[in-house]
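Take the sequence and the model side by side. The text below moves from the surface to the fold, and then to the charged contacts.

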Amino acid sequence: MTVNEAGEHFDLIFPNAFPYEIKLNMLSHLDKRVFDDVLSKYADKPVEEFNGYKPGVSDHQELLIAFPNDDIYISYLAAQTDMINGDIARYNNSAGVFNAAFSEFCRMYTRTHRYAVNNKLGDLV
C-alpha cells in the first residue's frame, strides 16, 4: 500500500476533514514505530534507515507494512482521528482494532524473519 492509497482508502471508509499532510504525518509516526520497534531488529530489514515521510513525498511511496497486514494503517488513522476528535468511545474501539492488528503483525514478523544479533564484534547474522 502506498501513502496515497492509505489516505484515499481511509477517506472512503471514514469521511473526514483532515488534510493529507496530517494523515501523512500520522503514517510517518506509525512507520517510524514499525521500523524502530520491529523491522530494525531483523537481519533482512527492508530498509536500512527510516526518517519519516516529508511533505512532497511521492504518492507512490510504499509503506513499510505490506499486504496482508496493511489494514493496520487504516485502523491506525481511524484511532488517531477519533482521538483528535475527542470521540473516546470510537477511539477505544478503533485503538483496540489497531492494537490487535499490530500485535498480529509483530507475531507474524517474528515467526518469519531471522533476528539480527548485535555484539562488540559487529552484526552476526
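Start at helix α1, residues 3-13, which holds glutamate 5. Helices here are DSSP runs of H or I with at least four residues, strands are runs of E with at least two, and both are numbered from the N terminus. Glutamate 5 is partly exposed, because its relative accessibility is 42%. The classes are buried under 20% relative accessible area, exposed over 50%, and partly exposed in between, with a 1.4 Å probe and protein chains only.

Glutamate 5 also belongs to a negative surface patch, together with Glu8, Asp59 and Glu62. Patch residues have over 30% relative accessible area and no salt bridge; like charges are joined within 9 Å, and nonpolar side chains (Val, Leu, Ile, Met, Phe, Trp, Tyr) within 5 Å. Asp and Glu count as negative, Lys and Arg as positive, while His and the chain ends are not counted. Each charge is placed at NZ of Lys, CZ of Arg, CG of Asp or CD of Glu. Accessible areas come from the Shrake-Rupley method with a 1.4 Å probe, and for residues only the protein chains shown count as cover.

The model is predicted: local features need pLDDT of at least 70, side-chain atom pairs count only at pLDDT 80 or more, and totals for chains, interfaces and linings use all residues. Residues are numbered from 1 along each chain as its sequence is written, and side-chain values use heavy atoms, leaving out hydrogens and water. The chain has a mean pLDDT of 91, with 93% of its residues at 70 or more. That score is the predictor's confidence in each residue, from 0 to 100. Confidence is highest in helix α3 (residues 71-85), at a mean of 98, and lowest in strand β2 (residues 122-124), at 51.

Now the fold. The chain has 4 helices and 2 strands, in the order α-α-α-α-β-β. Its C-alpha atoms fill a box of roughly 50 × 30 × 25 Å along the principal axes. Of its 125 residues, 36% are buried. The loop between α2 (20-37) and α3 holds proline 68. The peptide bond into proline 68 from phenylalanine 67 is cis, with omega near 10°.

Alanine 100 sits in helix α4 and is partly exposed at 47%. Its C-alpha lies 22 Å from that of valine 3, 97 residues away along the chain. Arginine 114 lies in the loop between α4 (88-112) and β1 (117-119). Arginine 114 is exposed, at 52%. From arginine 114 to methionine 83 is 36 Å, C-alpha to C-alpha, across 31 residues of sequence.

Finally, the salt bridges. The count is 6, where a bridge is a side-chain nitrogen of Lys or Arg within 4 Å of a carboxyl oxygen of Asp or Glu. One joins arginine 33 and aspartate 37, at 3.8 Å from N to O. These two are about one helical turn apart, because 4 residues separate them in helix α2. Arginine 33 is partly exposed at 36%, and aspartate 37 is partly exposed at 48%.

Another pairs aspartate 82 with arginine 90, at 3.9 Å between the closest N and O atoms. Aspartate 82 is buried, at 8%; arginine 90 is partly exposed, at 43%. Glutamate 104 bridges to arginine 111 at 3.7 Å. Glutamate 104 is partly exposed at 31%, and arginine 111 is exposed at 57%. Both take part in a network of salt bridges that also includes Arg107.
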